[in-house]
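Look at the fold before you read on.

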Amino acid sequence: MEQSEISRLRLMVAYHNMFYTPVYVAVAGGFFYAEGLDVMFSIMPDGESSIDMLRSERVDVIQTGISRTFMDLDLGKQDAPLHIAEINQGDGFYLVSKKPTDGWSWKDLEGSSIIPIGFTPVPTTSLKSAMRLHGVDASKVRLVEGMSAGDALTAFGAGDADYIQMPHPFAQQLINDGVGHMATAIGVELGYICYSSLAAMPAFIEANTELIQKFVNGFYKAQQWLAENSPSQVAERVSSFFPEVPSEILAEGIRLYQKQGTWASDPMIGLDGFDSMLTILIDGGLVQGRHAYDKVVQPKFARATMAGDK
């Protein structure tokens with residue numbers, strides 16, 4: 001491909017974990033480059049906001065959640081980011097217990113302490129939704145909040161809480177190290193929800209429709225590749241993003257995510273998953289308004305690539 005045919009695009013993920021493997025596959029697998037894109041990939045610096053990164057034009061497309069656009073709309077902002085492709089169609093976090101979990105039930109959480117995810121409020125909101133679904137009295141559960149991921153893992157290892165909420169590879173590493181025991185996968189309890197997606201500012205999308213279409217085309221091909229390949233093949237493809245993680249832990253985390261159907265197999269954000277996520281966020285007090293799909297999602301790029309009309 002001639003250099004003049006290559007267009008640059010700045011892509012960022014908000015957090016470094018295996019939940020966003022479809023993005024890593026798209027970058028490492030050359031799927032964006034095959035569409036004529038030179039994607040400059042990075043991970044959001046600590047203390048930054050995904051929406052602020054977009055608004056300040058320090059990034060073109062970012063991994064985030066529809067929750068962030070809901071919050072913008074709650075504040076009355078007219079240029080809230082639009083979501084162009086779905087990454088995760090389910091919650092990708094796990095509850096890991098300090099004690100063996102044979103015969104475990106959700107009611108076992110009553111009288112216990114949990115270290116929830118601290119870097120974003122959405123996982124805790126999802127956890128509370130699953131607790132309500134199973135009749136857990138939240139007043140009997142102590143949440144140990146406000147920790148970074150590193151501090152949370154250290155505190156759990158020291159026995160400062162009964163449970164920790166983590167994604168892979170961290171959850172699987174705790175289990176392999178004998179520090180914890182798998183209690184449950186929260187995503188299994190909540191079903192299809194639009195959990196994570198790729199978003200850009202409306203003005204950027206309007207000014208770069210061809211670029212965005214190429215981006216979504218490449219991402220869709222990466223999603224298809226991910227769905228068709230084994231955990232070990234996927235682990236090999238994304239290993240450069242996790243040099244500190246043993247290949248067997250990567251492969252096991254990928255196997256569990258694939259088994260649960262955590263990763264969307266196409267970029268279309270479904271209305272049912274959109275509505276389910278919005279309901280969880282409203283019930284949890286994180287979002288106020290029942291915002292319209294077309295104020296949050298721009299589906300035309302996903303629709304075009306899935307129809308082969310590129």
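Phe215 touches Leu9, Leu11, Phe32, Leu37, Val61, Ile84 and Leu198, leaving out residues up to four places away in sequence. The model is predicted. Phe215 is also one of the residues with the most contacts inside the largest nonpolar core, together with Leu109 and Leu198. That core has 101 residues. Helix α9, residues 209–228, gives the largest share of this core, with 8 residues.

**Strand β10**

Leu198 leads us to strand β10. Which way do its residues point? Ser196, Leu198 and Ala200 point one way from β10, and Ser197 and Ala199 the other way. In a regular strand the side chains alternate between the two faces of the sheet. Is β10 enclosed or open? 5 of the 5 residues of β10 are buried, so the strand is largely enclosed by the rest of the structure.

Now take Ala199, which has its place in β10. Why does Ala199 count as buried? Its relative accessibility is 0%, and buried means under 20%, so Ala199 counts as buried. Which residues does Ala199 contact, leaving aside neighbours within four places in sequence? They are Leu54, Asp60, Val61, Ile62, Thr64, Pro81, Leu82 and His83. His291 is 92 residues from Ala199 in sequence. In space, the two lie 17 Å apart, C-alpha to C-alpha.

**Strand partners**

Strands of a sheet pair through backbone hydrogen bonds, either parallel or antiparallel. The table lists several pairs from this model.

| Strand pair | Direction | Bridges |
|---|---|---|
| β1 (residues 7–13) and β3 | parallel | 2 bridges |
| β3 and β10 (residues 196–200) | antiparallel | 3 bridges |
| β4 (residues 82–88) and β10 | antiparallel | 5 bridges |
| β5 (residues 94–97) and β9 | antiparallel | 4 bridges |

Some bridge partners can be named. Met12 stands opposite Ile62 in β3. Gln63 has Leu198 in β10 as its bridge partner. Leu198 is also the bridge partner of Ala85. So which strands pair with β10? Among them are β3 and β4.

Strand β3 covers residues 61–64. Val61 and Gln63 point one way from β3, while Ile62 and Thr64 point the other way. All of these residues are buried.

**An open sheet**

Another group of strands deserves a look. What is the order of the open sheet of 5 strands? The order is β7-β6-β8-β5-β9, and the pairing is mixed. The edge strands are β7 (142–143) and β9 (181–185), and each pairs on one side only. Within this sheet, β5 and β9 run antiparallel. Val96 has Met182 in β9 as its bridge partner.

**Helix α4**

Next comes a helix. Helix α4 covers residues 122–133 and has 12 residues. From its first C-alpha to its last, α4 reaches 17 Å, close to the 16 Å expected at 1.5 Å a residue. An α-helix has 3.6 residues a turn, so residues three or four places apart point the same way.

How many residues of α4 are buried? The count is 9 of the 12, so α4 is largely enclosed by the rest of the structure. The buried residues are Val122, Pro123, Thr124, Thr125, Ser126, Leu127, Ser129, Ala130 and Met131. Just after α4, Gly135 takes a positive phi of about 70 degrees.

**The whole chain**

Now step back. The protein chain has 13 helices and 10 strands. Along its principal axes, the C-alpha trace spans about 60 × 45 × 35 Å. Does the radius of gyration agree or disagree with a compact globule? A compact globule of 310 residues would have a radius of gyration near 19 Å, and the chain has 19 Å, so the two agree.

Of the 310 residues, 53% count as buried. The chain exposes about 13100 Å². Carbon and sulfur atoms supply 48% of that area. Consider contacts between residues at least 6 apart in sequence: 81% of them join residues at least 24 apart.

How values were computed: Residues are numbered from 1 along each chain as its sequence is written. This is a predicted model: local features need pLDDT of at least 70, side-chain atom pairs count only at pLDDT 80 or more; totals for chains, interfaces and linings use all residues. Side-chain values use heavy atoms; hydrogens and water are left out. Buried means under 20% relative accessible area, exposed over 50%, partly exposed in between (1.4 Å probe, protein chains only). Two strands pair if DSSP finds at least two bridges between them. Contact means heavy atoms within 4.5 Å. A nonpolar core is a set of buried Ala, Val, Leu, Ile, Met, Phe, Trp, Tyr and Cys residues joined through side-chain atoms within 4.5 Å. The expected span of a helix is 1.5 Å times one less than its number of residues. The radius of gyration is taken over C-alpha atoms; the globule rule is 2.2 Å times the number of residues to the power 0.38. Accessible areas come from the Shrake-Rupley method with a 1.4 Å probe; for residues, only the protein chains shown count as cover.
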